[in-house]
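Thanks for coming. I have one model to go through today, and I will take it piece by piece. Please have a look at it first.

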Amino acid sequence: MELLAEINGNLNAVGYGLAAIGPGIGIGVLVGKALEGIARQPEATGVLRTNMFLGIAFTEALALIGLVAGFLFT
Amino acid sequence: MLALMGPIAASGDGEGFEAPSISEFFPGGLLFEDTIFEMSRITLIGVLMAGLLSLFFVVAFRKNDRLIPRGAQNFGELAIDVVDKAVILEVMGQKGRKYAPYLISMFFLLLMFNITGVLPLMHISVTSVIGVPAMFAVIAWVVFNVEGVRALGIGKYLKVNLFPPGIPWPIYFLVTPIEFISTFILRPVTLTIRLLANMMAGHLLLVLFFSATSYFLLETSGLMKLFAIPSYAMGFAFTLFEILVAVLQAYIFTLLTAVYIDGAISAEH
């Protein structure tokens, strides 16, 4: 069989890259919206910041599970 | 103290570049070897940092009848006040005061355990081995469940958590298992993994950049040596970033625990 393309190296890295796409977009949207809210209503900064960190924590967990999975399922 | 030091350079013995691996987090035992009390350098760092933290607060508040705080007491009160305002009052309000001793001591313990990742001679976070964050998460799980049951009673607590109001009854076949898994299983698991993976990734990044610096500087020749400069700069930048991450992860762990307790003790969900 003629080989047209070949990938070398560890598939785990590719997997982690895929796992990071979603949370990356998610955190971007989340922080952007939170900043928009703060800019519109500076007096709500405290509540918005706390909730922003909460949202980041939940979103980021997905990327981190991707990282751990790379080490677990070798 | 010297016993706590790890291998300074991962490469440098002429073997070529050696990328950091997961074995970084499983150093050999130093004390009480081959017993169940075996202590590695990570465990010893944890004991040391917990001791330092206790020592600081005992010294800071040994005379707490002074009206005007001075020196260490000033700093201690400021530190406690920050957590009190930024986490407890922000999330739970006045009724969260009851949990202040638990949340504040957890925050500072986590901060001390995280920050060892960038401290000289230690260079590894105590929280980057799974046992430590898992223990914190189990304690948080027990606290929010016990407090929820105490506030609402076991029947109402389960009803509030497993049967969210306002949806037609057949949907409960779908919703209740999801709510059960996300509330009682995934919460402690994500608490553990969030802290563990952040600290682990930070440590691996720092080892990668600094061992690459050492490799470029000592084992390559000619212009390749110049790559040591950007590598060292990245290592330095990520050291600063890791300090931020250490504080942020301690804050997020405490914040989420406060949110979980608050959600458990208030009836309307």
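First, the ground rules. This is a predicted model, in which local features need pLDDT of at least 70 and side-chain atom pairs count only at pLDDT 80 or more, while totals for chains, interfaces and linings use all residues. Residues are numbered from 1 along each chain as its sequence is written, and chains are lettered from A and ligands numbered from 1 in the order in which they are written.

Chain B, then. Its secondary structure comes to seven helices and two strands. Helices here are DSSP runs of H or I with at least four residues, strands are runs of E with at least two, and both are numbered from the N terminus. Along the sequence the pattern is β-β-α-α-α-α-α-α-α. The C-alpha atoms of chain B fill a box of roughly 70 × 60 × 40 Å, taken along the principal axes.

How many of the residues of chain B count as buried? The figure is 32% of 269 residues. Buried means that 20 or more other C-beta atoms lie within 10 Å of a residue's own; exposed means 12 or fewer, partly exposed is in between, and the C-beta atoms are placed from the backbone. As for contacts in chain B between residues at least 6 apart in sequence, 65% join residues at least 24 apart. A contact requires C-beta atoms, placed from the backbone, within 7 Å of each other.

Next, the core. By nonpolar core I mean a set of buried Ala, Val, Leu, Ile, Met, Phe, Trp, Tyr and Cys residues joined through C-beta atoms within 7 Å. The largest one has 53 residues, and those with the most contacts inside it are B:Leu103, B:Phe107, B:Leu110, B:Leu111, B:Phe253 and B:Ala258. Helices from both chains each supply at least two residues of this core: H2 (45–72) of chain A, and from chain B H1 (41–60), H2 (71–91), H3 (100–115), H4 (131–152), H6 (172–219) and H7 (228–265). Which helix gives the largest share of this core? That is H7(B), with 13 residues. One example of a contact is B:Leu111, which touches B:Ala246, B:Val247 and B:Ala250, not counting residues up to four places away in sequence. Apart from this core lies another, of seven residues, including B:Leu206, B:Ala212, B:Tyr215 and B:Phe216.

Now the contact between the chains. On the chain B side 13 residues are in contact with twelve residues of chain A. H2, H6 and H7 of chain B each supply at least two residues of that side, and the largest share, six residues, comes from H6(B). The residues on that side divide into nine nonpolar, two polar and two charged. In this scheme Ala, Val, Leu, Ile, Met, Phe, Trp, Tyr, Cys and Pro are nonpolar, Asp, Glu, Lys and Arg are charged, and the others, Gly among them, are polar.

Let me show one helix pair inside chain B. The axes of H2(B) and H3(B) come within 10 Å and cross at roughly 110 degrees. These axes are lines fitted to C-alpha atoms, for helices over the stretch in contact, with angles from 0 to 180 degrees between N-to-C directions. The two helices, H2(B) and H3(B), are therefore roughly perpendicular to each other, a term for angles of 65 to 115 degrees. From H2(B), the residues B:Ile80, B:Val83, B:Asp84, B:Val87 and B:Ile88 meet B:Ala100, B:Leu103, B:Ile104 and B:Phe107 in H3(B). By class, this contact has eight nonpolar, no polar and one charged.

Last, the loop between H3 and H4 of chain B. B:Leu121 lies in this loop, and its phi is near 75 degrees, a positive value in a residue other than glycine. Is B:Leu121 buried or exposed? It counts as exposed, because it has 12 C-beta neighbours inside 10 Å. B:His123 is in the loop too, with a positive phi of about 60 degrees although it is not a glycine. B:His123 is buried, with 21 other C-beta atoms within 10 Å. For background, most residues other than glycine have a negative phi.

B:Val126 is also found in this loop, and B:Val126 counts as buried, with 27 C-beta neighbours inside 10 Å. Leaving out residues up to four places away in sequence, B:Val126 touches B:Ile42, B:Ile45, B:Gly46, B:Met49, B:Phe113, B:Thr116 and B:Val132.

Key. Two residues are in contact if their C-beta atoms, placed from the backbone, lie within 7 Å. Angles under 35 degrees count as roughly parallel, over 145 as roughly antiparallel, 65 to 115 as roughly perpendicular and the rest as oblique.
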